[in-house]
Amino acid sequence: MKKLMLAVLAGALSVSLMGSGAESASAAGSPKQVEVLLNTIKMKFPDAKPFQDAQGSVMVPIRFVSEALGAKVTYSKEGKVSKVGVYSKDHKVDMTIGQTSALVDGQKKDYGTQIMLKQNRTFVPLRLVSEGLGEKVEWDKIGRWVWIGNKNFRSTDDKEFKLTKLSDFKAYTESERQFLTTKGTKVTTIKLIKQSDLPLQLGDGQVIYSLEVTKSKGQNFLEIRSSQRGNPIAFLIKNSFARGRQSSDTLFENNGDKTGMNRYPVQSGVDVFQNEEFIENYDYTKFKIEEADYILLKDDNLRDYAVAIVNPFK
């Protein structure tokens, strides 16, 4: 009987979401900050941040990027003319503030956007980094990310991500079935990650790129950009049952770059089942994402441990 009621509720929820499928779930507000990733790890900029100018050119602070790539940066001034030089083992770039061109290994190249001084930092067009320093550079319009170098993703299997005993995580394990492997055995350890660790591969499975809260027809969704479709999640609340969630097929969005947007309803009727027990008159609509301390990220390739990300929306 419980299973029948759960199936009916899940079906009703799916029908209600189908009506909102035509409306894209998009985050409100201004465009996200441009991020720069060097070999899949986000770079930190202490002051002046990368940005996209009015004509769409992505501008990056040349000093931090160059030095991260092992190049040296020099500055000089002749009267009112400020010049910047970038020198690596194999390449040499000479630039003048205010010009759209630069000398790259002795050849003049025009980038269509002025090399500029902003917040006491020299900003250059992204393409100058690739041509001037010989690095593979890619603009990711979905995440507003600048990829520099390789795309060998770190994995939660790596030793830098430490194991925590599930017994030390007891306050969040009331719903034991959420911590079962595909073989039906319970994991004994968990790895806790942060939003700043992304993008990150879960074991040898999916790559998690980002998490956002979006809205469609007044309903809140957790949007996860991933290399796989449909992996379930669970909101973990201290000393309470886990709120398990399935992604909405009707709101899934293929980004066309081997990633997709999985969208999970924040409020769900399935919450009337708590640890497989039906709770009559339970008001699931009052749940808010801020109540969760962690978000459990599930993947069939995680066989020996669980992975949970610290909730970045608290």
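**Aromatic rings**

Reply: We may begin with one aromatic cluster, formed by Trp145, Trp147, Phe153 and Tyr209. Please bear in mind that this is a predicted model.

Me: How many aromatic pairs are there?

Reply: The count comes to 13 aromatic pairs.

Me: What makes phenylalanine 45 and phenylalanine 64 an aromatic pair, and why is the pair called edge-to-face?

Reply: The ring centres of phenylalanine 45 and phenylalanine 64 are 5.9 Å apart, and rings pair if their centres lie within 6.5 Å. The planes stand at 85°, and planes over 60 degrees apart count as edge-to-face. The pair is therefore an edge-to-face aromatic pair. Phenylalanine 45 lies in the loop between β2 (41–42) and β3 (51–52), and phenylalanine 64 lies in helix α2, 19 residues apart. Both phenylalanine 45 and phenylalanine 64 are buried.

Me: Why is the pair of phenylalanine 51 and phenylalanine 123 called tilted?

Reply: Planes under 30 degrees apart count as stacked, over 60 as edge-to-face and the rest as tilted. The planes of phenylalanine 51 and phenylalanine 123 are at 55°, with the ring centres 5.2 Å apart, so the pair is tilted. This pair links distant parts of the chain, since phenylalanine 51 is in strand β3 and phenylalanine 123 is in strand β11 (residues 121–125), 72 residues apart.

Me: How do you know whether phenylalanine 51 is buried or exposed?

Reply: Buried means under 20% relative accessible area. Phenylalanine 51 has 16% relative accessibility, so it counts as buried. Phenylalanine 123, with a relative accessible area of 0%, is buried as well.

Me: What lies over the face of phenylalanine 51?

Reply: Lysine 118 lies there, at 3.9 Å from the ring centre. Another such case is lysine 151, which lies over the face of tryptophan 147 at 4.4 Å from the ring centre.

**Salt bridges**

Me: What makes lysine 151 and glutamate 138 a salt bridge?

Reply: A salt bridge needs a side-chain nitrogen of Lys or Arg within 4 Å of a carboxyl oxygen of Asp or Glu. The closest N and O atoms of lysine 151 and glutamate 138 are 3.3 Å apart, and the pair therefore meets the limit of 4 Å. Lysine 151 is in the loop between β13 and β14 (163–165), while glutamate 138 is in strand β12 (residues 137–140), 13 residues apart.

Me: Why is lysine 151 called partly exposed?

Reply: Partly exposed is the range between buried, under 20%, and exposed, over 50%. Lysine 151 has 37% relative accessibility, so it counts as partly exposed. Glutamate 138, at 34%, counts as partly exposed too.

Me: Where does arginine 225 stand in relation to methionine 261?

Reply: Arginine 225 stands opposite methionine 261 in β22. Strand β18 (residues 219–226) and strand β22 (residues 260–265) run antiparallel and are joined by 6 bridges. Two strands pair if there are at least two bridges between them, so β18 and β22 qualify as paired. They belong to an open sheet of 5 strands in the order β16-β17-β18-β22-β21.

Me: Why are β16 and β21 said to stand at the edges?

Reply: Each of β16 (200–201) and β21 (253–254) has a single partner strand, so one side of each is left without a neighbour in the sheet.

Me: Which residues touch the most other members of the largest nonpolar core?

Reply: Val86, Met95, Val124, Leu128 and Val129 do so, in a core of 27 residues. Helix α3 supplies the largest share, 4 residues. Beyond its neighbours within four places in sequence, leucine 128 is in contact with Val93, Met95, Ala102, Tyr111, Ile115 and Leu133. A second, separate core of 24 residues includes Ile193, Tyr264, Leu302 and Tyr305.

Notes
Residues numbered from 1 in each chain as written. Predicted model: local features only at pLDDT ≥ 70, side-chain atom pairs only at ≥ 80, totals over all residues. Heavy atoms only, no water. Core = buried A, V, L, I, M, F, W, Y, C linked by side-chain atoms within 4.5 Å. Buried < 20%, exposed > 50% of the residue type's maximum accessible area, 1.4 Å probe, protein only. Helix = DSSP H or I, 4+ residues; strand = E, 2+ residues; numbered from the N terminus. Contact = heavy atoms within 4.5 Å. Phe/Tyr/Trp six-rings, centres within 6.5 Å; stacked < 30°, edge-to-face > 60°. Lys NZ or Arg CZ within 6 Å of the ring centre and 35° of its normal.
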